[in-house]
Amino acid sequence: MIEPLGMSTSGSSMNTDMLWRISGRLTALFVHEINNDLATLREKSGFADDVLAARKISDAEKMKHMGEIIDSCESRLNRAVALVRNFSHIGKNMGSDAVVSDLRGMLTALTPFFEKIARLQLLTVRMAVRQTALVAVRPYPLLCLILALFENHCSHSMSGECLVVETKEDSMTVSLSLFVRQKRESDKESWPWQGTDLSALAGTLGISVIYSEGGDSVSLSFGRS
Amino acid sequence: MKKTTVMIVDDEADFASTLAERLCLRGYDTHVVTAPADALPMLAEIKPDILLLDLRMPGISGHEILLDVRQLFPEIKVILMTGDLDREQTVDGVTLESFQYVIKPVEIKELMGKMDALRESHD
């Protein structure tokens, strides 16, 4: 387990603005995903009404349709429930002071959003996250920082690539890395980091952001205080 | 009487196929495209009367498709589908609000009303 790290109490307005912006982005992603489920559920419900009212459909066919509709609704509901639970987990931690948190739990809460962001840019995500990775920082700013790093990385990746989110730990540190699974040797030299510099925000959490020389990976390192 | 042909372009396959079945039960000839990259070739092939277009999709956004449709297939009537319309955003200098649109979750009666109005204006 990593010891708690201090959070600067004199965080700059720039960091606050950035946190608000990322927070808004996270909320927008959540709303979009839930709305997709609601839209599908409304169509399914309307379709069920349509099927029951249709005179040209036999009773046997109606039963078959209804079974399929119910299965499909259940699947969408389960997805929505998982999203709400994950987002609720994120929300509960918004005002928390530094606490020992399971990094895996945080990343699990963010995974649906990672997948959505990646899918919009025709990327895929692979999570390689250890179960025991415990860190002690303010959880909500950390979630926002991870999300912002992920979005930055996606926006500088190429369609079809797979982004890996990986945690590692040893006796001294826990690290979280984002990288493209297959490195692009040809691009390595000409791909400096172009995303928002999140070093200042990370600094307020006592975390270092390490960008690789070629810009193809970024790591957060949680060291002992 | 020729059926009105509707193409639904939306990466949410479950949503799109169910909406298509509902429109089919109401007498429309429906086609679903869930890969945005396939939208333009399919539009060229099917030449629908009405295009129901989701704005937020992977790879090619609905905005880009809308821009191409306005240039390549100006006769196709478009209804935008979105969870949250950015009223100030423009396509080809025209605000999105100027287009016909429905907000997701879609109210079928509202959608039918807009489609009927477009069909009448076309006739």
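This is a predicted model: local features need pLDDT of at least 70, side-chain atom pairs count only at pLDDT 80 or more; totals for chains, interfaces and linings use all residues.

Trainee: A:Thr40 first. Buried or exposed?
Mentor: Buried: A:Thr40 has a relative accessible area of 0%. Buried means under 20%, exposed over 50% and partly exposed in between, using a 1.4 Å probe and protein chains only.

Trainee: Where does A:Thr40 sit, and what does A:Thr40 touch?
Mentor: A:Thr40 is in helix 1 of chain A. Helices are DSSP runs of H or I with at least four residues, strands are E runs of at least two, and both are numbered from the N terminus. Not counting residues up to four places away in sequence, A:Thr40 touches A:Arg76, B:Glu12, B:Asp14 and B:Phe15. Contact is heavy atoms within 4.5 Å.

Trainee: And A:Asp50, which residues does A:Asp50 touch?
Mentor: B:Arg22, B:Leu25 and B:Arg26, again leaving out residues up to four places away in sequence. A:Asp50 also belongs to helix 1 of chain A. A:Asp50 is buried, at 12% relative accessible area.

Trainee: How far is A:Asp50 from A:Ser208?
Mentor: Their C-alpha atoms are separated by 57 Å. Along the chain they are 158 residues apart.

Trainee: What does A:Leu220 contact?
Mentor: Beyond its neighbours within four places in sequence, its contacts include A:Leu142, A:Leu145, A:Ile146, A:Leu149 and A:Val174. A:Ser175 and A:Ser208 are among them too.

Trainee: Pockets next. What is the volume of the largest pocket?
Mentor: About 540 Å³. On a 1 Å grid over the protein atoms alone, a pocket is an open set of points with protein on both sides within 12 Å along at least five of seven lines, while a cavity is a set where a 1.4 Å probe fits but cannot get out. Points join across faces, edges and corners, and the volume is the space filled by probe spheres set on them.

Trainee: Which residues lie nearest its centre?
Mentor: A:His32, B:Arg56, B:Thr82, B:Gly83 and B:Asp84, out of 26 lining residues. A lining residue has an atom within 4 Å of a point. Helix 1 of chain A supplies the largest share of the lining, 8 residues.

Trainee: What classes make up that lining?
Mentor: 8 nonpolar, 8 polar and 10 charged. Asp, Glu, Lys and Arg count as charged; Ala, Val, Leu, Ile, Met, Phe, Trp, Tyr, Cys and Pro as nonpolar; the others, Gly among them, as polar.

Trainee: Back to A:His32. Buried or exposed?
Mentor: Buried, at 18%. A:His32 lies in helix 1 of chain A.

Trainee: Now the backbone. Which peptide bond is cis?
Mentor: The one from B:Lys104 to B:Pro105, with omega near -5°. B:Pro105 is in the loop between strand 7 (100-103) and helix 4 (108-122) of chain B.

Trainee: What is the phi of A:Leu122?
Mentor: Positive, about 60°, although A:Leu122 is not a glycine. A:Leu122 sits in the loop between helix 3 and strand 2 (124-128) of chain A. A:Leu122 is partly exposed, at 43%.

Trainee: And B:Lys47, what is its phi?
Mentor: Near 50°, positive in a residue other than glycine. B:Lys47 is in the loop between helix 2 (39-46) and strand 3 (50-54) of chain B, and is partly exposed at 45%.

Trainee: Last one. How many helices and strands are in chain A?
Mentor: 6 helices and 7 strands. Of the 225 residues in chain A, 48% are buried.

Definitions and conventions:
Residues are numbered from 1 along each chain as its sequence is written. Chains are lettered from A and ligands numbered from 1 in the order in which they are written. Side-chain values use heavy atoms; hydrogens and water are left out.
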